[in-house]
Amino acid sequence: MSAADNVRDEIIADLDARTRRHGTVLDELQGTLGGLGETVTESAGLLAQVIPRLDTLAEQVAEVRGRASTSGDGGTGGEEVVSGVVWETLSADEAAEEWTRLATWVADVLGPWYEVPRGHLPDCWALHRPVVRFLSALHTTYVAAYSGSAASAAAVADWQNRWLPNALSAIFAHMAPRERVCSPGRHDGAGPDGAPVLSGNGFRETGHPVRPATELEQLQAELGRETVYLRDDPIRPEHWAPFWRRAVDADVAARRAREAG
């Protein structure tokens, strides 16, 4: 064998060895790539689970920030802030709105749901400013407890057990000295139109008005009871609305006159 043949064989052997080494490296690379593929697939699954959680977390963070902003800026971050009505500073239009808002609440909530009797909240309540303020404050605390930014079950219970009985007690104490002249259907002894309510002999009526007892009331009460004091009936709009309208008209007119200068 010539020298040239030996050189050629060496070159071929070297190339074969290199090819084998390259094949081994390629096998290793394929194994590595296969492992990476499995890792990527697993990571994609994890990401699919994590991303929704991150979105939820972002929403929760935004909510917490919003609450913090609300508490930090005095409650002006979008949640309803409930404050009392300062009646003495209202304009005529504002007062008309507040009168209507208060009357709606008395008609829809206080009367039908709490059955406050007419002897406890007289028909002429709107013509007594202290009583209006008591009811207005009671309404404000009601809204705050049920739908304000601080609404909670505890606030509702506090309203039921504290604010409601306290306000009704204050109203009763204020009206007690006037119970004969501000009885059902009367204000200072006069009807809704301001005309005195007179008895059959022409004197101002000061007794407690009554009505015929229903058959059920006769059965529930002592035998022979034929009449019921109107003061024991629950308040209804048809009883107090005429006095309320009289109070609203007078109040709004006075405010408009003041605004006109």
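Where is Gly148 found? Gly148 sits in the loop between α3 and α4; helices (H or I, at least four residues) and strands (E, at least two) are DSSP runs, numbered from the N terminus.

This is a predicted model, in which local features need pLDDT of at least 70 and side-chain atom pairs count only at pLDDT 80 or more, while totals for chains, interfaces and linings use all residues. Residues are numbered from 1 along each chain as its sequence is written, and side-chain values use heavy atoms, with hydrogens and water left out.

**View 1. The whole chain.** The chain has six helices and two strands. Read from the N terminus, the order of elements is α-α-α-α-β-α-β-α. Of the 261 residues in the chain, 26% are buried; buried means under 20% relative accessible area, exposed over 50%, and partly exposed in between (1.4 Å probe, protein chains only). Contact means heavy atoms within 4.5 Å. Among contacts between residues at least 6 apart in sequence, 63% join residues at least 24 apart.

View 2. Gly148 counts as buried because its relative accessibility is 12%. Its C-alpha atom is separated by 6.0 Å from that of Val82, a residue 66 residues apart from Gly148 along the chain.

**View 3. Helices α3 and α4.** Two packed helices are described by the angle between their axes and the distance between the axes. The axes of α3 and α4 come within 10 Å and cross at roughly 175°. Axes are lines fitted to C-alpha atoms, for helices over the stretch in contact, and angles run from 0 to 180 degrees between N-to-C directions. The crossing makes α3 roughly antiparallel to α4 (under 35 degrees is roughly parallel, over 145 roughly antiparallel, 65 to 115 roughly perpendicular and the rest oblique). The residues in contact include Phe134, Leu138 and Tyr142 of α3 and Trp159, Trp163 and Ala167 of α4.

**View 4. The largest nonpolar core.** A nonpolar core is a set of buried Ala, Val, Leu, Ile, Met, Phe, Trp, Tyr and Cys residues joined through side-chain atoms within 4.5 Å. The largest one has 39 residues, and those with the most contacts inside it are Trp99, Trp105, Leu121, Trp125 and Leu135. Two or more residues come from each of α2 (92–114), α3 (129–147), α4 (153–175) and α6 (237–260). Helix α2 gives the largest share, nine residues. Leaving aside residues up to four places away in sequence, Leu121 touches Leu110, Val116, Val131, Leu135, Ile171 and Ile235.

**View 5. Aromatic rings.** Eight aromatic pairs are found in the whole structure. Rings of Phe, Tyr and Trp (its six-membered ring) pair if their centres lie within 6.5 Å; planes under 30 degrees apart count as stacked, over 60 as edge-to-face and the rest as tilted. The ring centres of Trp87 and Trp99 are 5.2 Å apart and the planes lie at 65°, so this pair is edge-to-face. Trp87 lies in the loop between α1 (3–72) and α2, and Trp99 in helix α2, so the pair ties together parts twelve residues apart in sequence. Trp87 is buried at 5% relative accessibility, and Trp99 is buried with a relative accessible area of 5%. One aromatic cluster is formed by Trp105, Tyr114, Tyr142, Tyr146 and Trp159.

**View 6. Surroundings of His128.** His128 lies in the loop between α2 and α3. With a relative accessible area of 7%, His128 is buried. Not counting residues up to four places away in sequence, His128 touches His174, Met175, Arg178, Cys182 and His187.
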